[in-house]
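Let's take a friendly walk through a protein structure together. Have the sequence and the 3D view ready as you read.

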Amino acid sequence: MENNKNEIIRNPQVRMMSSGDVEAYWTEERMRNAIPLKIPVTAEEPDLRATTLAWERTAEDKLKESTPSENGNLNFDSKEFLLDAGKDFETTRVNNINDYPYQLIGKIFMTFNGRDYVGSAWTIAESAIFTAGHCVYSHQEGVWATNILFEAGYSDGSFIKRWGSNNYYSLNGWVNDGDCASDMAVCIMDSPVSSTTGTLGWMASFSPNQGTITSIGYPADNTHNPNFDGKFMWKCVGKYISGSENIKMHNNMTGGCSGGPWIVMHNNKLYANGLNSHGYSNQPNKMYSPYFGQGFLNLYEIAETAIVEEPVLVP
């Protein structure tokens with residue numbers, strides 16, 4: 001039987017910690033010392049000239065609108081998502097952290113084999129966040145994450161609110177094959193998130209070239225920018241380059257930004273159309289995202305319909 005890369009794989013571990021235990025685990029010291037999750041980088045970009053275009057194999061275009069928080073709105077300054085002529089990308093710190101869409105983006109903390117890490121994520125449904133597959137499953141170590149915690153609107157130790165998760169999913173293509181075209185995941189949180197943050201709309205099965213892309217996250221490796229220290233949210237507005245199974249943009253963000261959304265403007269509204277996923281050593285200042293096609297839609301169905309579960313406690 002052909003391996004279905006878009007099949008949903010659920011974290012199989014017995015959920016031994018309550019959400020309260022997860023929150024208690026993440027002390028200020030542990031969060032401060034968490035290692036920025038590295039962006040998977042392989043030696044050389046493959047030749048994509050013979051690749052069948054992913055968007056030619058999927059169903060009709062699908063689109064979901066953003067929703068505001070209980071006390072918020074969807075107002076935004078379109079100039080923040082535009083790139084000056086002559087530039088390939090421009091990276092700046094986000095200062096208006098409590099405004100749409102930034103308040104629904106945050107840090108995701110996780111533990112792999114006893115070591116604590118940090119990446120980025122965003123709210124996609126009432127009780128669910130979306131992130132990179134490598135934020136919940138380490139293909140290199142062959143283990144699922146534990147102690148997953150999301151802090152929305154994180155900024156230098158403060159945040160809007162935090163939630164734990166004992167229930168998360170990725171795709172077969174990532175978990176079993178390490179295929180970066182499947183590097184996506186959804187986490188069901190311990191209580192509703194969207195009433196506090198709102199949700200970010202998304203586009204799936206569209207042509208990947210939707211113009212300028214804004215990548216958002218928490219880069220912490222200061223190799224390309226001395227101000228990258230993981231304390232603050234950053235955005236990189238960059239040109240779209242190309243797309244097949246993976247989408248490519250100009251982007252210099254680094255480890256810690258993994259899982260943060262790629263946002264595009266479509267009909268003067270904001271939508272997620274990718275995420276910070278991986279790179280290639282011969283492609284500096286470039287970032288890649290899985291194409292949002294059937295795999296993304298399968299994960300979103302889980303995000304939209306999953307029910308918050310109590311942990312299974314082992315005596």
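## A serine tucked away

Please keep in mind that this is a predicted model. Start by finding Ser-120, which sits in strand S7, residues 115-125. Is Ser-120 buried or exposed? Its relative accessibility is 0%, so Ser-120 counts as buried, the cut-off for that word being under 20%.

Now look at what surrounds Ser-120. Its side chain reaches the backbone nitrogen of Tyr-218 at 3.2 Å. Leaving aside neighbours within four places in sequence, Ser-120 is in contact with several residues, among them Lys-107, Ile-108, Thr-131, Cys-257 and Ser-258.

In soluble globular proteins, nonpolar side chains tend to be buried together. Here, the largest nonpolar core has 61 residues. Those with the most contacts inside this core are Met-110, Trp-122, Ile-124, Phe-130, Phe-292 and Phe-296. A second, separate core has 18 residues, including Phe-206, Trp-234, Tyr-240 and Met-287.

Zoom in on Phe-130: not counting residues up to four places away in sequence, Phe-130 touches residues including Trp-122, Met-184, Val-186, Leu-275, Phe-292 and Phe-296.

Which order do the strands follow in the open sheet of 3 strands? The order is S17-S18-S22, and the pairing is antiparallel. Strands S17 (240-243) and S22 (286-290) are the edge strands, each pairing on one side only. From one strand to the next, the twist averages 20°.

S17 pairs with strand S18 (residues 246-250) over 3 bridges in the antiparallel sense. Gly-243 has Ile-247 in S18 as its bridge partner.

Notes. Residues numbered from 1 in each chain as written. Predicted model: local features only at pLDDT ≥ 70, side-chain atom pairs only at ≥ 80, totals over all residues. Heavy atoms only, no water. Helix = DSSP H or I, 4+ residues; strand = E, 2+ residues; numbered from the N terminus. Buried < 20%, exposed > 50% of the residue type's maximum accessible area, 1.4 Å probe, protein only. Polar contact = N/O pair within 3.5 Å; in protein donor to acceptor, adjacent residues only side chain to side chain. Contact = heavy atoms within 4.5 Å. Core = buried A, V, L, I, M, F, W, Y, C linked by side-chain atoms within 4.5 Å. Pairing = 2+ DSSP bridges. Axes fitted to C-alpha atoms, helices over the stretch in contact; angles between N-to-C directions.
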